[in-house]
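I opened my notebook beside the model and looked up a few places, one after another. These are my entries.

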Amino acid sequence: MKKVFELDFYGRKIVVENGELAKQADGAVLVRYGDTVVLSTAVVSKTANLLSDFFPLMVLYQEKLYSVGKIPGGFIKREGKPTDAATLAARMIDRPLRPLFPEDFKNEVQIVNTVLSVDQDNSPELTALLGSSLAVSISKIPFNGPVAAVKVGRVGGKLIINPTIAEAEESDIDLTVAGTKDAINMVEAGAREVSEDDMLEALLFGHEAIKKLIAFEEEIIDSIGVATMEYERLEITDELRHEVDSYVRERLDAALRIKDKLEKYATIDSLQEEVVNKYQIENEDTLKPDALKELLTKVALIFHDIEYELFRNIVVKEKTRADGRKMDEIRPLSTDIDLLPRTHGSALFTRGQTQALATVTLGALGEHQILDGLGIEDAKRFMLHYNFPAFSVGETGRYGAPGRREIGHGALGERALSYVIPSEEEFPYTIRVVSEILESNGSSSQATICAGTMALMAAGVPIKKPVAGIAMGLITNNKDYTILTDIQGMEDHLGDMDFKVAGTRDGITALQMDIKIDGINKKILKEALAQAKKARFEILDVIEKQIKEPRKEVSKYAPKTECFMINPDKIKDVIGRGGEMITKIILECSNVNTVNDINAVKVDIEDDGRVVVYHTDREIINKTVERIKNIAREVEMGKIYTTKVVSVEDFGVFVELWPGCEGLIHVSQLDTKRVDKPSDLFKVGDEIIAIATGYDKKGKLNLSRKELLKK
């Protein structure tokens, strides 16, 4: 039986429908937010993999291009692999949901969000997150939700919940905040150098709106929710816990205090292998294979529980970090620029055992990225790509297309730097930054931002201000907690929060927070933001010591530019039929045989008449500009021109006013006397002084020599 629930949410209606669609899923809702419609389903497997060391949750966000009236691009006219935007949306939904499943729950869960209709003013991503929470909450799946999210903007100093597209363009805050009714548990934000206090106010403002959505969800869950399923758990006896604890505690505590990352990890891994092997040797003759495997899994889980407990005691109670740093101390920093001679810009940023090499490539505006997704943006000229090879952590691994993590970290770095990138008018280039992580021990995404800033300045990109990023951590132990600056890999892995803050000296440009506990409060947020600001300024001091401001000129290997305007009506003349004229200009000015030659000059022509010419050789640029300007140059009626004969016909003489501009002096306009054969008076190459008199019906220019002779 179909049930419908409605909520007036800040002047817009949210409608949730259940009982009509996808009835074989364990939980399914159709959520309408304005004209945005998303079907969210949740399904749980019947059996659990109790021996798995992770919770098998899959969250999908499926973009259907029919939802915005588009046919997919390319040769195969159907949706293919997820776009980066879809991958980021799936991550955004996964992050607040994942910590709310029970730790001992190991049944596979799949949450699928199918975007059926999109109204750009009503976010399909937020609609999908609400639907995901509801689909799980009304099902038998154990879940400590519900959870919800909102966007927060600020226009004219006033905070807005879920701003429209028009409001978002004016907003200086682009914040997505998620949480339960009690606390915030996920943050994703970009901002135009907003202060820490203003960002905190926006976060709390967003949480108040979340509480209204949670109340709406609870009403739905009370009406249609079903009893939570019983699920299998690994039962671990106190006797086994005590045995393993007695065997490893003292040595594991010592291993956690080793300062060097690789030595620490190797010691911990060796100790775990030792204790697991001990139980395997003692029991392999008496236990069946499945029972033995279960026992060894229990031993490994106990080992990790002890590691987790000891780590918290060391940090929170003893106020000690594994590498000996203070809680607000950054690891040693080093920087370098211009490592790679042929790239347009390069920089190396090292923070402890985390190292990022960033490069910058400048290209023509026509080399921008084309986006084939559900958003209103169909192209972008600034891109940041992040690569995380396995060797950066001393491991072997998969190589191929970027995974969700690489896409997510690249998007965070791109967002942080996007607010200082010059406009297209100020700097008419497509800009690509690539970050290669060469070493990693915590917060490589923030190292990417720091390296990217230096590489951009080294490349001569006139960024508004340098940007730096830092990752904060949180370790809790009952009611006690400690906030850590510049977290390492283990502090991230065993900690409760990963809170990344990037910005300039004047404010925040990007924010991202993920937590593993139920949520955090205002006090922790305020402390973390203040501690991050102090660290950010320290890093900016180091960056500015290496390179204080953007270079005045781009690299000699980067394309130079010349930008100018022509009459839009002349664009067709510059391009020519089928691109014939612009191709001719490119080939002749570059002295190449094909426009795809690496040495060919590049020309971008916009609909408004703006022309940008790119080449590494300024002389080739000048020749190209002159040719285009000559074609686009306006002929003034009544003005006298010295022309050159290019063709002599029986009906008149064709003359060239300048390269690319030709006109006709009709036989009747050649002389005050009758002319029977124009060839008796003129030959190709002769100069004729003539006056421009107008255009015929076909748009061809007419000139007259006769009028001047009369005068």
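**Entry: a hairpin**

I started with Asp604 and looked for its bridge partner, which is Val612 in β24. The model I am reading is predicted. Next I checked how the two strands run. Strand β23 (residues 602-605) and strand β24 (residues 610-615) are antiparallel, and 4 bridges join them. I noted that strands of a sheet pair through backbone hydrogen bonds. The hairpin of β23 and β24 has 4 residues between the strands. There I looked up Gly609, which takes a positive phi near 95°.

**Entry: a barrel**

Which strands close into a barrel, and in what order? I traced 5 strands, in the order β25-β26-β27-β29-β28. The pairing is mixed. On average, neighbouring strands of this sheet are turned by 55° against each other, with direction ignored. I then picked out one pair. Strand β25 (residues 640-649) pairs with strand β26 (residues 652-658) in the antiparallel sense, over 5 bridges. Ser647 stands opposite Phe654, and Phe654 is in β26.

**Entry: two helices**

I moved on to helix α1 (residues 84-97) and helix α8 (residues 404-418). They pack at an angle of about 95°. Their axes are 10 Å apart. Angles of 65 to 115 degrees count as roughly perpendicular, so α1 and α8 are roughly perpendicular to each other. Then I listed who meets whom. From α1 come Asp84, Thr87, Leu88, Ala90 and Arg91. From α8 come Arg404, Arg405, Ile407, Gly408, His409 and Ala411. I sorted the contact of α1 with α8 by class: 4 nonpolar, 3 polar and 4 charged residues.

**Entry: Ser52**

I found Ser52 in the loop between β4 (36-48) and β5 (57-63). Is Ser52 buried or exposed? Its relative accessible area is 11%. Buried means under 20%, so Ser52 is buried. I also followed its side chain, which reaches the backbone oxygen of Phe54 at 2.9 Å.

**Entry: Asp121**

Asp121 has its place in the loop between β6 (107-117) and α2 (124-137). I looked up its relative accessibility, and at 33% Asp121 counts as partly exposed. What does Asp121 contact, leaving aside its neighbours within four places in sequence? I wrote down Arg12, Pro163, Thr164 and Ile165. The side chain of Asp121 reaches the backbone nitrogen of Ile165 at 2.9 Å. I also checked Asp121 against Asp35. They are 86 residues apart in sequence. In space they are 8.9 Å apart, C-alpha to C-alpha.

**Entry: Arg32**

Arg32 lies in strand β3 (residues 27-33). Its relative accessible area is 33%, so Arg32 is partly exposed. I left aside its neighbours within four places in sequence and read off the contacts of Arg32: Lys13, Ile14, Val15, Glu17 and Val37. With Glu17 there is a polar contact of 2.8 Å between the side chains. Arg32 and Asn122 are 90 residues apart along the chain, and their C-alpha atoms are separated by 9.4 Å.

**Entry: the whole chain**

I ended with the overall numbers. How many helices and strands are there in the protein chain? I counted 15 helices and 29 strands. The C-alpha atoms fill a box of roughly 120 × 60 × 55 Å along the principal axes. Of the 711 residues, 52% are buried.

Key
Residues numbered from 1 in each chain as written. Predicted model: local features only at pLDDT ≥ 70, side-chain atom pairs only at ≥ 80, totals over all residues. Heavy atoms only, no water. Axes fitted to C-alpha atoms, helices over the stretch in contact; angles between N-to-C directions. Parallel < 35°, antiparallel > 145°, perpendicular 65-115°, else oblique. Contact = heavy atoms within 4.5 Å. Nonpolar A, V, L, I, M, F, W, Y, C, P; charged D, E, K, R; others polar. Buried < 20%, exposed > 50% of the residue type's maximum accessible area, 1.4 Å probe, protein only. Polar contact = N/O pair within 3.5 Å; in protein donor to acceptor, adjacent residues only side chain to side chain. Pairing = 2+ DSSP bridges.
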